[in-house]
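This briefing is intended for a reader who is meeting the structure for the first time. Please keep the sequence and the model at hand while reading the points that follow.

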Amino acid sequence: MDRTSNIRIWLPQNFIEGSAGIVYMMNAAHRGDMYHMRASMALYPPADEAADKDVDKATYKPFGVVLHSYKKGPTDQLVDYITQLALAQGRKVFTTEWDYEILRGIKLNVFADNEGCVPGCKLDGQRIKATEFNQSKINVESVSESGCTRFIKRRVDQDPRRLNDLPGKMAQLTPEQATSLEGRFRELSPFRLLHKKTENTQNVLLLHRDSGMKFRGAYPELDSGAALWDLATMMEQISGEYMPKDVGKKLNVIFCGASAEQLNDRANSIGQYWTDLEPIKINGVSTRDIEAHFFRWAYREGYFQMVVGFRSGSLDLFTFLGIPTVSITLRDLIGNERHDRLRGRDFKRVNVEYDVPRHHATAWVKSKYSEEGKPSNVIASPYWPHEKPADAEVKWREPRGDVELPEHIDTAIRETGASRFRKFDFAIVRLGIMLACERYLGWEYLVRSDEEELYDHTVFNSTARFCWPRVLGRRRDEEVHKFFVELQKDDDEHLDYLSLSEWLQQPRFKLEQLEDRSRRDWIAFWKRWNSVDLPYKRSRV
């Protein structure tokens with residue numbers, strides 16, 4: 001297995017006897033990660049596990065699944081979605097209300113109800129007798145959410161054709177169930193009032209996200225916030241002033257996941273689609289399987305051709321469904337290493353990183369991991385469960401370390417919402433969308449560049465310093481020169497902003513790295529322009 005950890009945990013006896021000693025393990029509250037676990041199981045079915053171990057498929061016991069911290073109601077959809085494929089593959093599934101610390105605890109106190117079963121625990125969807133638990137912990141190899149993503153990447157690198165069958169596993173249905181669902185989709189579909197693509201117009205699904213604003217929500221930085229309108233504006237620009245006449249295409253934005261109130265009653269939206277799908281039920285099919293098939297069906301029907309949004313598990317689902325995606329995240333944000341594994345031509349995906357945080361609950365912190373044996377730093381959102389950045393003199397905002405925030409402060413900071421992109425970040429993200437249109441919508445071509453390969457790498461600040469819209473002309477044309485002079489000013493302005501923003505808790509050496517990369521890039525660019533002297537000289541504030 002690509003990435004496992006050896007741990008000792010409490011497990012029911014029947015689970016132990018029915019699995020291979022390796023388990024997929026996940027917190028049931030981590031809904032965004034369920035698509036990665038589902039994809040990992042789909043790309044590495046038990047038959048492949050047995051083949052890799054060179055054992056008889058008939059007697060092989062596949063990897064098990066442990067879903068902990070289960071809470072009835074909020075986590076039901078995740079449990080149902082993971083369990084459906086796992087049981088179909090013959091895996092043992094242990095679901096429990098116990099958290100990770102109890103599973104690894106020194107002593108297990110098992111309480112039985114009047115039927116002799118353990119409350120809050122199930123094995124393969126059935127209640128478990130208290131007698132199923134040994135009074136000794138078991139050594140297992142666990143595959144975490146991050147391990148699942150690593151494993152997906154490795155399997156695809158070995159053979160990209162494995163992705164061909166993945167959409168059918170992300171929405172696992174019989175042909176009869178699929179036909180029945182599609183009939184219902186045509187009656188209830190939020191797309192019913194929208195137009196399919198035409199020869200010159202293609203539809204882009206623009207995902208709205210606001211889960212980070214909720215109390216204890218993850219990544220308020222990655223909420224759409226005011227940048228939702230920036231993204232819509234970018235697509236208007238790509239369709240208008242940056243569209244070459246010989247291409248002559250247009251992007252039509254369809255908002256997804258936002259209420260009419262949040263969108264100021266904009267008509268081109270499928271709204272909170274899950275409310276339309278809620279009445280649709282099929283015995284033995286999970287809610288998330290129905291949602292996944294809904295989007296797969298809508299894509300095949302031609303209602304949309306690409307998806308754009310901030311880094312999230314929901315966006316990753318579209319990638320696993322084989323739908324072109326643009327995934328946007330903040331540079332150096334914790335978790336980006338997983339984000340980077342799902343990119344490039346095989347995944348039909350462009351990843352983009354912007355520089356300046358948009359939310360005041362975002363800041364630099366000390367990482368839990370080290371680089372070459374030395375403490376390292378990352379950006380966290382929210383920052384407060386973490387420690388002060390390592391090896392850095394910064395003005396640390398209260399609370400420090402793991403001190404709990406009062407609930408009213410937590411809520412007040414979150415509810416400010418994420419802001420718009422700064423000018424240079426706007427250019428970075430717009431470039432990423434343009435490159436996705438080129439590669440995955442077949443619009444050749446929108447961008448000129450000094451770089452030979454753009455599609456299989458994350459689009460970030462350095463990428464933007466060497467690319468320009470083709471409609472402006474060729475290198476050394478006056479309009480191109482004006483474009484880069486303004487772009488460099490915007491780049492310098494956002495570096496100034498970062499240097500003055502104490503709330504980011506940004507280590508000085510990190511800022512110096514950014515400044516040095518910017519300086520070297522612009523010198524290289526203008527040298528290629530046959531001009532050693534920069535036409536715009538940076539002044540420090």
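**Strands, rings and selected residues**

Within strand S12, Asn 351 is the bridge partner of Ser 327. The model is a predicted one. The points below begin with the paired strands and then turn to aromatic rings, helices and individual residues.

**Paired strands**

- Strand S11 (residues 325-330) and S12 run parallel and are joined by six bridges.
- S11 is also joined to S10, again in a parallel arrangement, by four bridges.
- Across that pairing, Phe 310 stands opposite Ile 328 of S11.
- S10 pairs with S8 as well, in the parallel sense and over three bridges.
- Met 306 in S10 is the bridge partner of Val 204.

**Aromatic pairs**

- Because Phe 310 belongs to strand S10 (residues 306-310) and Tyr 354 to strand S12 (residues 349-354), the pair ties together parts that are 44 residues apart in sequence.
- Phe 310 and Tyr 354 are both buried.
- Phe 483 and Phe 484 also form an edge-to-face pair, with 5.3 Å from centre to centre and 85° between the planes.
- Phe 483 has a relative accessible area of 15% and is buried, and Phe 484, at 0% relative accessibility, counts as buried too.
- A cluster linked by ring pairs consists of Phe 185, Tyr 273, Trp 274, Phe 294, Phe 295, Trp 297, Tyr 299, Tyr 303, Phe 304 and Phe 318.

**Charges over rings**

- The charged end of Arg 311 is placed over the ring of Tyr 219, at 4.7 Å from its centre.
- Arg 358 lies over the face of Phe 421, and the distance to the ring centre is 5.6 Å.

**Helix H6**

- H6 (residues 145-158) contains 14 residues and reaches 20 Å from its first C-alpha to its last, close to the 20 Å expected at 1.5 Å a residue.
- Its buried residues are Glu 145, Gly 147, Cys 148, Thr 149, Phe 151, Ile 152, Arg 155 and Val 156.
- The elements covering these buried residues include strands S2 (22-27) and S7 (138-143), together with helices H2 (34-43), H3 (46-53), H12 (313-320) and H13 (336-339).

**Helix H11**

- The 15 residues of H11 (residues 287-301) should span 21 Å at 1.5 Å a residue, and the end C-alpha atoms are 21 Å apart, which agrees.
- Among the buried residues of H11 are Phe 294, Phe 295 and Trp 297, which also belong to the aromatic cluster.
- Gly 302 follows H11 and has a positive phi, near 95°.

**Asp 223**

- Asp 223 is found in the loop between strand S8 (201-207) and helix H9 (227-239).
- At 1% relative accessibility, Asp 223 counts as buried.
- Its side chain reaches the backbone nitrogen of Gly 212 at 2.9 Å.
- Leaving aside neighbours within four places in sequence, the residues in contact with Asp 223 include Gly 212, Phe 310, Arg 358 and Ala 418.

**Arg 186**

- Arg 186 is part of helix H8 (residues 175-188) and counts as partly exposed at 47% relative accessibility.
- Apart from neighbours within four places in sequence, Arg 186 is in contact with Trp 297 and Glu 301.
- Between Arg 186 and Tyr 44 there are 34 Å in space, C-alpha to C-alpha, and the two are 142 residues apart in sequence.

Definitions and conventions. Residues numbered from 1 in each chain as written. Predicted model: local features only at pLDDT ≥ 70, side-chain atom pairs only at ≥ 80, totals over all residues. Heavy atoms only, no water. Helix = DSSP H or I, 4+ residues; strand = E, 2+ residues; numbered from the N terminus. Buried < 20%, exposed > 50% of the residue type's maximum accessible area, 1.4 Å probe, protein only. Phe/Tyr/Trp six-rings, centres within 6.5 Å; stacked < 30°, edge-to-face > 60°. Lys NZ or Arg CZ within 6 Å of the ring centre and 35° of its normal. Expected span 1.5 Å × (residues − 1). Contact = heavy atoms within 4.5 Å. Polar contact = N/O pair within 3.5 Å; in protein donor to acceptor, adjacent residues only side chain to side chain. Pairing = 2+ DSSP bridges.
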